[in-house]
Amino acid sequence: MSTPGHSPLAPTSEHRPLDGARLLVIGGGMTGHRFAARLQSMDPEGTWTLTVIGEEPQRPYDRVHLSNWFGSRNADLLALDPTVWDDARITLVTGDAAESIDRDGQKVTTASGTVHEYDHLVLATGSWAWSPRAEGKELEGIFDYRTVQDVEDLAAWVTSRGEIVGRPLKGVVVGGGVLGLEAAAALKGMDVDTTVVEFADRVMAVQLDQGGGEMLRLLIEDLGIHVRTGVGATAFTPAADGALGAAHLSDDSQLDADVVVFSTGIRPRDKVAREAGLAIGERGGVVVGETCQTSDPAIWAIGECASFDGVCAGLIAPGNDMADVVVETLLGRKRTHQRKDDGTKLKGVGVDAAAFGDVNALSPGALEVSFVDPVHRMYRKLVMSDDAQVLLGGVFVGDIELFSQLRPLVGRKLGADPSAVIAPDGGGDAMAGAELPDDATVCSCNNVDAGTVRRAVTEQGCHTLGAIKECTTAGTVCGSCVPTLTKLLNQELAKSGIEVSHALCEHFDHSRAELFKLVEAGGEDTFSDVIAAHGNGGRGCAVCRPVVASILSTLGAITGRRHNPVGRQLGAIQDTNDFVMANIQKDGTYSVIPAMPAGEVTPEGLMVIAQVAKDYGLYVKLNGAQRIGMFGARLEQLPEIWERLVAAGFQSGHAYGKSLRMVKACLGTNWCRFGVQDSTTLAVALEKRYRGLRSPHKLKISVSGCARECAEAQAKDVGVIATTKGWNLYVGGNGGMNPAHGKLLVEDLDDERLVRCIDRFLMLYVREADKLQRTARWVEEYEGGIEELRRVIVDDSLGIGEQLEEAMQRHVDSYVDEWAEAVNDPERRAKFVSFVNAPEKSDPNLRYVIERGQARPAMEGETDTYPTPLAAREHAMAHPGTAEAELDI
């Protein structure tokens, strides 16, 4: 691991300035962890000792991704690299705040009375959550959003308060910055009706310009979160029971509020330093110079508590750089800290926004070049020098694909027409072939420049993205630079003449697309035949076996050589989820998710699902695919459950496969007064047409009945939006870790032409995409881009349209419900057992508790657990006085 622009060599034995030194860090956060990790890696043989004092009870954790806690409710998943603390030279103290510094005696005393002596002291005390004065802030139900303890307390309050009031909660977030919006998304995720209150005239007012802020407000409101700008919270009043009841705003209006989260800014934690007599900045913070040394030559300050050039930076990147500067300075090297614009990216909210540089065009002579699409909720702006050559800043809302590519160029020549760069579908073409200068910072979090990445590829043999991350640390914090890292990697490999292997794995030298064509032509119908004919021998691996299974399944359906997924050789080479036709869960049980095309279900169908869930004690949850999911079924229970569902007319939802997951739909003209086409009927027809289609990755389709886009069609692999003339077809959209908006393929199609275009698109994707490649990436990487894909799909420029349509029709004609086959085949049913040698037994390690009236897997340390979901629920129902039963509302 090397520091960009500096020698990675450790100090020599002849020159170890820290040998025998006692180092002390006050602050157990991300910056304190960074200091310890960098010191350890840069001086692995040093004889120094380091003590890190943390006030929080947790080990240092990733505060940048604090909102991720709500997804797991497990703080351990946020922990930073714990191997640092395995070093015998390093001691971590948690839950013991530093209270005073004796500068003359070079000692620090903590709350427990422990005294730590030092030769070098590093202050990494961070910041505290500031909030304006308001009457009633002491009421129960008002929280900050800064620490693990904050989010744990917030979640606990939402749960307990919901039980007390017996209705959906009302929430208010005071502050519309990045953290405020994350907090609002977290409340919304807990089913709290949430309003964001922001005193400025727009959300993310510090980071975004007026246009970007307004577009972001629309996107936030599309999520069901209310936004009030230009007002602040002035007072809070209690409900009848004394807890929080209402928030009063500066415009004399009032909001009902069961829970309030303050996210109105931070202030440096400089109390200990101030009391020790260190120089403090006018706006707070410990004054430091370019080496981060304070007014005391034995004390240094890094991160949010440090005031550099009169500014306390509230981002992780400058804190990391400060930690690196102090480590290198202490090791006798020359390095200084400089202020940089690191940009800001909104995360964990469900909408995209990012900005960097001079977003408000305040530089003399600055020019603004903008693209605004209010229908599709997209805003792009570049701020350029007066000659339109040098990039000064950028704002991206709704689609931030260009952010990581352009941010490193701030202050440099863009090298392209800015209008072409931000035009729809133009950025990739306009910037094609552009190379970043070596000294351009690619990863601001870890201060890694493009030259370091290039040297990692050419000199250190890092030929994969994972190797680059490990070697340079780039892309290991927020991850926003990963697209740029990938581009740099591919450019350097191409320049070096190194062929990037597209082989599936060691057993096949072919790409997935090549293997698909070979098997289609060769007619092989077992894995053994495929590897014998086209592979390198062996029994395959976890990479190639599922890919071959998917190819055989698809080709079997479209050529008449049908393959059943369970009980045959094909089943044995599939992933566990595909093999047992259910998704395995964290405790080893499985999900049951029947198909509900367009989200439709009859009352009779609901009754069957409810009775099944009740009889087996299954956890029930609606998912984003407009389906009902049941969780907690043991392997041996799956055939029994599906037998009842099949008898009631339900079919497999294929939620377990690399296949069509669902076709989502709005109400369309059936009920909605805005609908212009019957989206529901079309969605049902499309799901029945493409159900069971095996593909390189999962597929999602959506149909919206008007331009209001309630079904979120542009975020799906195939998106259909109604017009007064027919249907617009979008392709290549997806959510997930790397979201992408669908690209418009063709407009105003009638039903027949729409189906023909979707047939062609999906079958071409199935034939040509790489393993585990989403349609978004396939469309982005398609040679010639969306224009060429349009020529192939719509204009049939290659003359393969009819062939693709016929292949899809054969799939449609050969479809048989997988679960209906399985429950009626005794041989296959017999395979659904937890223990082959003891088929009558179930897993004895399963334990459950009741939460909000339903069973969930018990976590480590939880007591009063039960061996099955049904037992947990029955106990709760039989003992209504218990705390668990009180959750059953």
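Alanine 361 is buried, with a relative accessible area of 18%. The model in which this residue sits is a predicted one. Alanine 361 also takes a positive phi of about 55 degrees, although it is not a glycine. The points below begin with such backbone features and then turn to sheets, hairpins, a helix pair and cysteines.

**Residues with a positive phi**

- Most residues other than glycine have a negative phi.
- The position of alanine 361 is in the loop between strand E22 (353-357) and strand E23 (367-373).
- Threonine 473, which is not a glycine either, has a positive phi of about 70 degrees.
- This threonine 473 belongs to the loop that lies between helix H12 (465-472) and helix H13 (482-495).
- With a relative accessible area of 8%, threonine 473 is buried.

**The parallel sheet of five strands**

- An open sheet is built from 5 strands in the order E3-E2-E1-E7-E19, and its pairing is parallel.
- Strand E3 (90-93) and strand E19 (299-301) form the edges, and each of them pairs on one side only.
- From one strand to the next, the twist of this sheet averages 15 degrees.
- Strand E1 (residues 22-26) is joined to strand E7 (residues 120-123) by 4 bridges in the parallel sense.
- Within this pairing, valine 25 stands opposite valine 122 in E7.
- Helix H7 (residues 316-330) lies across E1, E7 and E19, and runs at about 155 degrees to E19.

- Strand E4 (residues 98-102) pairs with E5 in the antiparallel sense over 4 bridges.
- Alanine 98 has threonine 110 in E5 as its bridge partner.
- E4 and E5 make a hairpin with 4 residues between them, and glutamine 106 in its turn has a positive phi of about 50 degrees.
- E5 is also joined to strand E6 (residues 115-117) by 3 bridges, and these two strands run antiparallel.
- Opposite lysine 107 stands glutamate 117 in E6.
- The hairpin of E5 and E6 likewise has 4 residues between its strands, and glycine 113 takes a positive phi near 90 degrees there.
- In a regular strand the side chains alternate between the two faces of the sheet.

**The antiparallel sheet of three strands**

- A further open sheet has 3 strands in the order E28-E30-E29, with antiparallel pairing.
- Strand E28 (590-592) and strand E29 (619-622) stand at the edges with a single partner strand each, so one side of each has no neighbour in the sheet.
- Neighbouring strands of this sheet are turned against each other by 30 degrees on average, direction ignored.
- E28 pairs with strand E30 (residues 628-633) over 3 bridges in the antiparallel sense.
- The residue opposite tyrosine 590 is alanine 633 in E30.
- Helix H19 (residues 603-616) packs on the sheet and touches E29 and E30; the direction of H19 makes about 20 degrees with that of E30.
- Helix H20 (residues 638-647) lies across E28 and E30, at about 5 degrees to E28.

**The packing of helices H22 and H25**

- Two packed helices are described by the angle between their axes and the distance between the axes.
- For helix H22 (residues 751-768) and helix H25 (residues 801-814), the angle is about 85 degrees and the axes are 8 Å apart.
- H22 is therefore roughly perpendicular to H25.
- On the H22 side, the residues in contact are Arg756, Asp759, Arg760, Leu762, Met763, Leu764 and Arg767.
- In H25 they meet Gly801, Gln803, Leu804, Glu805, Ala807 and Met808.
- Classed by type, the contact of H22 with H25 has 6 nonpolar, 2 polar and 5 charged residues.

**Cysteines**

- The structure holds 0 disulfides.
- Cysteine 666 is in no disulfide, and the nearest cysteine sulfur, that of cysteine 710, is 6.0 Å away.
- Cysteine 666 counts as buried at 19% relative accessibility.
- Cysteine 672 is also in no disulfide, and the nearest cysteine sulfur, belonging to cysteine 706, is 5.9 Å away.
- Cysteine 672 counts as partly exposed at 31% relative accessibility.

Terms used. Residues numbered from 1 in each chain as written. Predicted model: local features only at pLDDT ≥ 70, side-chain atom pairs only at ≥ 80, totals over all residues. Heavy atoms only, no water. Pairing = 2+ DSSP bridges. Axes fitted to C-alpha atoms, helices over the stretch in contact; angles between N-to-C directions. Contact = heavy atoms within 4.5 Å. Parallel < 35°, antiparallel > 145°, perpendicular 65-115°, else oblique. Nonpolar A, V, L, I, M, F, W, Y, C, P; charged D, E, K, R; others polar. Buried < 20%, exposed > 50% of the residue type's maximum accessible area, 1.4 Å probe, protein only. Disulfide = S-S within 2.5 Å.
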